[in-house]
Each structure stands twice: as structure tokens, then as C-alpha cells.
Amino acid sequence: MFKKSNFKFFVYAVSAFIFLNMASCKEQVVLRAPENLTISEGFENPLGFYDANPTFSWKLPVLETVKSQSAYHLVVASSEDMLPDNPDLWDSGKQVTDQSVWINYDGKSLQSRQKVYWQVKYWNQDEEGSNWSEINHFELGLLSNEDWKAQWAGLDTAKDSIRGREKVLIHKPQYLRKGFELSNDVASARLYITAKGVFDVVINGQDVSDDVMSPGFTSYDIRIETLTYDVTDLIESGQNTIGVELASGWYSGRLLWGNPPWDNTISPKVLVQLEMTMKDGSKEIVISDKTWKGTSNGPLQFAEIYDGEIYDSNFEMPNWTTNNFDDKNWTPVEVTQIDNHVKLEPKRHTTVKDKIKLVPEEIVKKNGAVIFNLKQNMVGVPLVKVPMKKGDTLKIRFSEMLSPDGTFYTDNYRSAHSTDYYVASENGTIEYQPKFTFHGFSYIELSGYDDSKEPQKDWVTGIVQFSDFEENGTFNSSHEKLNQLQSNIVWGLRGNFLDIPTDCPQRNERLGWTGDAQVFGPTSMFNADVYKFWASWLQSVREAQLEDGAIPWTVPDARGNKIASSGWGDVCTIIPWKIYLRTGDIGFLEDNFEMMKKWVAHHELKSKDYVSNMMSFSDWLQPFPEEGGTRGDTSKELIGTAFFAHSAELTAKTAEALGKKEEQGKYEEVFKKVSKAFDKAFFDESGKLKEGLETQTSYLLALAFELLPENKRKNAEDNLLRKLEDADNHLRTGFLGTPLLSQVLDDMDKTDLMYQLLFNETYPSWFYSINQGATTIWERWNSYDKEKGYNPMSMNSLNHYAYGAIGEWMYERIGGIAPLEAGYKVIRIAPVPKEPLTSASASLNTPYGEASSSWEVKGNEFQLQVVVPPNTTAKVVLPGTPESIEETNSIEPITNEAGNYEFLVQPGTYSFTSKLP
Ligand code: RAM
């Protein structure tokens, strides 16, 4: 143990020790190669890649000898054996820089279908070189409409004019097939495919992929994403068959308001282009065209996202995707040409897949049905293996929570029928997993099974589906309920990242609500590697932006009403900036800068003398609204003006990061003018709200976005504290105010109070929902009550990620890992240990590698373990008085700021001990 007075000496001693050690072993070293090579937003060896101008990133290995990168050399070639010495596409040469992420490709222009190989090496801080990395690769998809020779093909299912719920035109699912003959052996085959609808494709009886609900949800009048598959192994010489199942999906299915900007009455269609290179070097191509045939008389009689499926096994068509099938009774398809106004572009993020399997923990028989309890609210489909009698119909219903009396509750699905049916054609155990729908549920109810059999838990599995991303960080603590909250946040993410970020996954909505995305985005970046998911959706946001700069309420725009809401449309400035801070990818800011500017102009259009009158959903679902309703008590003018200022400020910061001085000045000026107008319009001389109802959120916005002059700030802070005290130190905030609470109280040095709000057990609070049995984040602070059951309001989702936005503060301040420089090039490790916690830890896969922070309090001794990844530095803020530091590599005390000791540390592993007051 070292006393404080010894501390400086200790640091110098350790540094000297390391230096001497390093000097003594400085022979000819070749360092371990770079690892985790990715391109653009984190793709590893992608096939059907979307971008001919990718960026390259890699991580340095965790080694004693590798602190930072002093140079790199990157080579790119069109064939593996040209590397590393003869790269024909690009040779970066030795670049002296510490940049190891987001390196722009600067070589020969790349074409659709091209396969590209690359590798990289680096030099460390002592200019010792590494081995070359493994060779990575990517292959481009079909980058433009001109690459497509296929035609949109499908049956006219609109002519049946079946009307479903809310009188929406229902298209029967269709089965499409095409046989073709090859006179040669195939060397390589690529299937390029997409649909206006959702599809599943099979070649010669074998699944092409395990993707579900492809191609996903974009604005079908602007851009449709295409998929690429390597199907070389599925193609045979001689006769072949390709079969596609096609359903409405988001394209022509029900969407809440039913009138998106694209014509959703048109029958679904598929676009298929199978390109083959034969062993003799010749090329073959099979496309969707009028030679294809189809039927809508297959087993899947109905499929709809909100409503569910009807599968009648009497209509099964054995072998229909093989050569061994006669389609003479099938109908020739109708075709349409590709419309060049609608871009066909390779999917730029991961497809949805079956990701997790949940097994029921409990089964209960009730009124001729059986209820399976997964004890986890989830999103996806069930896999049922159930004994049935010929001719019977199995009915599968879903529920997020049972009513307190054990009855099955489905009212909060509103008009979404959310029920699947299976008709058995013979006696025996059936196996069924719905394909073109998904549900949000914790309970599954089965009826119509063979009731001579005793229900078994293994009759049902919950198949959790979401966009195929992996975890990116962890959070843990000594408090069970806080860990449950973390779990609820993660499940909220899984449930609502099904191709687009949605508000909820279960009722007749499931739309890309921009406000919800705005508040939850930063938190999601800790839990999962969702950068590509956001970058992709942001492209949809750019495309959806209207002429006058308005951002629709939901993206893709499912309403087409040309109106924007403040706090919701601001997703287009907040997400680019906040995600840039977490990735450091300047290209992301470049991509979105024009949109940000147009949005600020829209704010201006909707304001008078810089005071906003933009429409707003306001502080959505604020508890105890004085005037009832869903929009809370903070005026829409105040909210609109605050977000106007904030968006202008983020646009100025973006201009600064992009080196655009003039625009930086312009938007800084807008920010100043709007904040001045804000102060004048809404606050009195003493920093108290003078217009409208005094709410926590009005003070939070003023403080978080720094809209008040310095002399009023303190009073405004006191007013916020008073409002919190009036509410018995409980929050009174909705969607917009809640995420600001932690930031503002932290800035005010009131982390005690923030802990109190976070650990409150009573309504409204995060733990209140946990006390009522929540396993996901709810739409309302009181969506459900153990005694009273569901909140009677019809808009009441039990899987709504917005309030999960608290995760950002949990990782950054309880766990203690935050970016100090964009992309975690400089990391701030500054955990705030408070009661009732005795320990907490967080880890994060940063662009440079894993960073972690883990602390424990024993009596008044505080212990902190820190891992700092290579090619970064960290500032560690240690609470209390330092006692000892172990396993340090290079560490430098910086300041003693406000009683907190701060150190600059180099990559490595550290263990700090301090005495808390
Ligand atoms: C509802 C959803 C969504 C919210 C909008 C304003 O439909 O709850 O979360 O953003 O309203």
C-alpha cells in the first residue's frame, strides 16, 4: 500500500521499470498482426456489399508492447495471391498516423459484383512493425438499377379483393417457381433477390438462407434493398428449380394509418436474378420474368404482420421447390419493368434472423386451452410441435402479460389480431413456425390440439427474432433490480430492432417513430453493434425528408401527412451527432449534414422571431398531466424552441467537426438567437418559468440544451430541484424530459438525487415497473399493475424502448465508460459509486477494442479495475483519495479536480484503490 505522499514516486518508479524492461528486450520484434478487420460500419467479409467506397478499420492486438499505432500500410487487390506485394487496386503505402479506423478507400473504382481482398499491417509507438493481417475480403452486390435484367414478377392477388381488418386489401401469399436446365457444371453462382413484400427462397429443395422477413422495411417508393447469396453449392448440372414464397410484409400489408406514400394496393412481386459462372468459363443467367408460374393455393392461406398467419396443411404441395413437381395447373405470372425512380440497392445492414430460443417455464391449463409462460416478453414467433387430430385447427394466441385473474389479455394489441392458425391434414404431431408475421409476447395460448394428450412444455419454443447484431457491451451491478432494468433495456432493444427501430413490436403500429429512436439511440450503441442498423435507417430518414425539410413522424413514412413534430424530427441531428461521438466516423456526419441543415431551416420556417410553433407530441406520456391527455404539461412552443436551438447547436458542432468554419459560425449564430428568444419568451428575470405550466421538463430542456444566460442558470437549477421535491423526489417526465434528467442532475453535481430517482420503487419510476413484473421497458410508467392489471388506455405497449434511454447514464456514469473524444479515442472512466450499490461494472467493445471499468466499495475503500484498449488513452477520475495503483503501464496524474483525482493512462490494465470520505 502506498500513502498519498508516496504516490508520485510510485508512478515514476513504475514507469521507469517498464521503460527499462522494454529497452532491454528491444531486439528485432515482429508484432502480432492487426485483428478484427472490418469495412464501413463494421462489416466482416460481407457478400453483396452496398458501398463501392468503403472505409477500413482494424484493432491492434492487446500486447504489452503495443500501446498505439504510429503508422499503417494497407493493400487492396482483386485476387488473394497479389497480396501483399502486388496490390492492383490500392496500395496506401506506409501512412504515418495513429488512425486505425474509418480509413477511406482511395484506389481504383470498384464495380458491382467485384470481389476485393485486403490486408493491413501497423507499426507501434516504437516503430516496430507487425505481421500482415489475415486477408479479408468483400464482394459488392448489384449497385445500381442498370445491373438488373430481371422483371418484377408475381400473381395478381389484388383481383381477389379480400378485405381484412379495417377493410384493408389482403393479398393471399403466393408460391412462385421456375425450372431451368444447365448443360454444364457451375463454378460459382450468386442469387440477387428482393421483393415488394417479404420472401423466402429455396433452390432444389434447399433453403438459400436463414433470413426472415427480407428484404425488410424501406420506403418502397424510394428505395428497395436487395440481398445477395452465394448459392454455388445448391446449383446442379442439368435440371434445377427455384421457388419463392411471397407475402405482403410491410409493402402491401396493414400499416397503422393505411396510406403510405407508395401504392400499397399493388400485388406483391419478386425480383430474382441468378448469375452463374460455369466451369468452362461461360456465363448463365436466370431471371424472374413471364416464364415463371405461381399459385396462391398453397398451405399459407393468409399472412399479415399485425394479424398473423393461417396455415392449412391440406394445401401442402410436396416437392414444389424441386424438379420433381408438375406445375401445369399453376398460373403464369404477371410482370412489370423495373422503375428507375425506385432505387435498388444492396441491403446495408444485417437481415433479421432467429436469434434466441426461449423455452416455457410454466404451463397452465385453462378452459380447454393451455397457456405457456416464457417469463420473458419477447418478439418473434413460436415454434410449435403439437399433437393434433386430422381436420382440427390449432389456434395460437399471444399475450404480453395475463390479467391478474389469469385470463388471457390481448386488448393492448388493439386491432392487431396477432393470432396464428394451423389446420391439420392428418393425425399426429405437427411442426409449425410462422414465416411472414411476428408477435410480441410472453405468453402463448394453444387451443385445438389433441386434448387426449397431456400438454408438455416442449410443445412450444419462443423464437426471438431481430436484426442480426451481436452484443457490444455489458453492465452489471450489486443490485438485482438495476440488473433487471439492464435486462429490460436489452430486451426492449431486441424486440424493437426488427429491421427498423420501432416504437413497439406487438400492436397495430410497429413503426419507425422518430422520437423514440432519438431518445434510445445512444443507449442502444452500448448494448449491441448497431452502427450499421442506425446508418441504414438514417439513409431512410434522409430519403423521407420532405422538400421543406420536415422529417415525417415515422420513417419509413407510413402516414404521408407531411407534418413534422419537434423532438421527433430532431432525430436527424441528434442521432448523427450522438452516434458520431460513439464511433468517431466522420463519414457519418458528412452523410447527414445536408439533412441536418434542412431540418434547422424547417424549424426556422415553423417559428416566428425564433420562437417555435411547430406541431409537437411534446413530453409524450408525462405522468400526472394537469390537463389530461398524452402530451404532458410543457408547452409545445417551449419544446419546439428548445429543440430548434439544440438542433442548430448540433449542426454547428457537425460543421466544426467537418472543418466547415463558415457554416459553423452560421449555426452558432442561430443557436444564440434561438436561445435568446427562448429565454425571453419563457423565462423571467429570476430564471423561473413565466409562460405555461411549470414542469420538470421545461427546466430540463433549458438546462440540458444550455439555453439560459449564466446568471439565471443557478436559479433554474434550484427551480428544477424544487419541482422534483414537490413530486416527493419523483420524476414527472415523459419521452422528451426523461432522458435529460440524468444528464442535467449530473452536470449539477446532484448524482445523489439521480440515484434516488433511479432507485425509487414507487410510481413513477423505473423500478415500479419491475416491481409489477416487467421484463421489458413499458410505454407508460404504469402500463400494468399487479393488482389492477393493464392500464385501461388502449395505447399501452409493454415493449417500448423509450424510457430505456437511462441506459446511457448507467453505462457512462454508474459503470463509468464514456467517450471523451469521438469514437473513444480518448476515454473517460469516471464511475460514480453511491448507495445502495456496492459494486458495478461495464465493458464496451469500442472501435479500438474492449474497454472496461469495474468497481467495488468495501467499507470506505473504493477499488476500481480498468482496461484501456490499444491506440487510445483514458482519463480516469478516481473518487476519494488514492491509496495504491497496481499493474500500471504508464500513468500520469493530471489534476485534483473537485476532490476527484484524475489520471491520464495509457492502454493496459489498472487497479486503483482509494479511500472514500
Ligand atoms: C405512439 C407511440 C410512439 C410515439 C407516438 C407519438 O403511437 O407510442 O411511441 O412516439 O405515439
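Predicted model: local features only at pLDDT ≥ 70, side-chain atom pairs only at ≥ 80, totals over all residues.

Trainee: How many helices and strands does the protein have?

Mentor: Helices (H or I, at least four residues) and strands (E, at least two) are DSSP runs, numbered from the N terminus. Here there are 15 helices and 51 strands. The radius of gyration (over C-alpha atoms) is compared with a globule rule, 2.2 Å times the number of residues to the power 0.38. The protein has 29 Å, close to the 29 Å from the rule for 917 residues, so it is as compact as a globular protein of that length. Its C-alpha trace spans about 90 × 70 × 60 Å along the principal axes.

Trainee: What share of the residues is buried?

Mentor: Buried means under 20% relative accessible area, exposed over 50%, and partly exposed in between (1.4 Å probe, protein chains only). Of the 917 residues, 63% count as buried.

Trainee: How do I read a helix pair?

Mentor: Two packed helices are described by the angle between their axes and the distance between the axes. Axes are lines fitted to C-alpha atoms, for helices over the stretch in contact, with angles from 0 to 180 degrees between N-to-C directions. Take H3 (residues 480–496) and H4 (residues 514–527): their axes come within 10 Å and cross at roughly 100°. Angles under 35 degrees count as roughly parallel, over 145 as roughly antiparallel, 65 to 115 as roughly perpendicular and the rest as oblique. H3 and H4 are therefore roughly perpendicular to each other.

Trainee: Which residues of H3 and H4 meet?

Mentor: Contact means heavy atoms within 4.5 Å. From H3 come Gln486, Ile489, Val490 and Leu493; from H4 come Phe520, Thr523, Ser524 and Asn527.

Trainee: Why is H12 called largely enclosed?

Mentor: In H12 (residues 738–747), 7 of the 10 residues are buried, so the rest of the structure largely encloses this helix. Among the buried residues are Leu740, Leu741, Val744 and Leu745. The buried residues pack against H10, H11, H13, H14 and H15. Just after H12, Asp749 takes a positive phi of about 65°.

Trainee: And salt bridges?

Mentor: Side chains of opposite charge can pair when their charged atoms come close. The cut-off here is a side-chain nitrogen of Lys or Arg within 4 Å of a carboxyl oxygen of Asp or Glu. The whole structure holds 49 salt bridges. In one of them, Arg348 pairs with Glu41, with the closest N and O atoms 3.1 Å apart. Arg348 sits in the loop between E26 and E27 and Glu41 in the loop between E1 and E2, so the pair ties together parts 307 residues apart in sequence.

Trainee: Is Arg348 buried or exposed?

Mentor: Arg348 counts as buried, at 6% relative accessibility. Glu41 is buried too, at 10%. Now look at Lys159 and Asp160, whose closest N and O atoms are 3.9 Å apart. Lys159 is exposed at 62%, and Asp160 is partly exposed at 34%.

Trainee: Which residues are linked in a network of salt bridges?

Mentor: Arg223, Glu225, Lys343, Lys347, Asp499 and Glu543 are linked in that way.

How values were computed:
Residues numbered from 1 in each chain as written. Heavy atoms only, no water.
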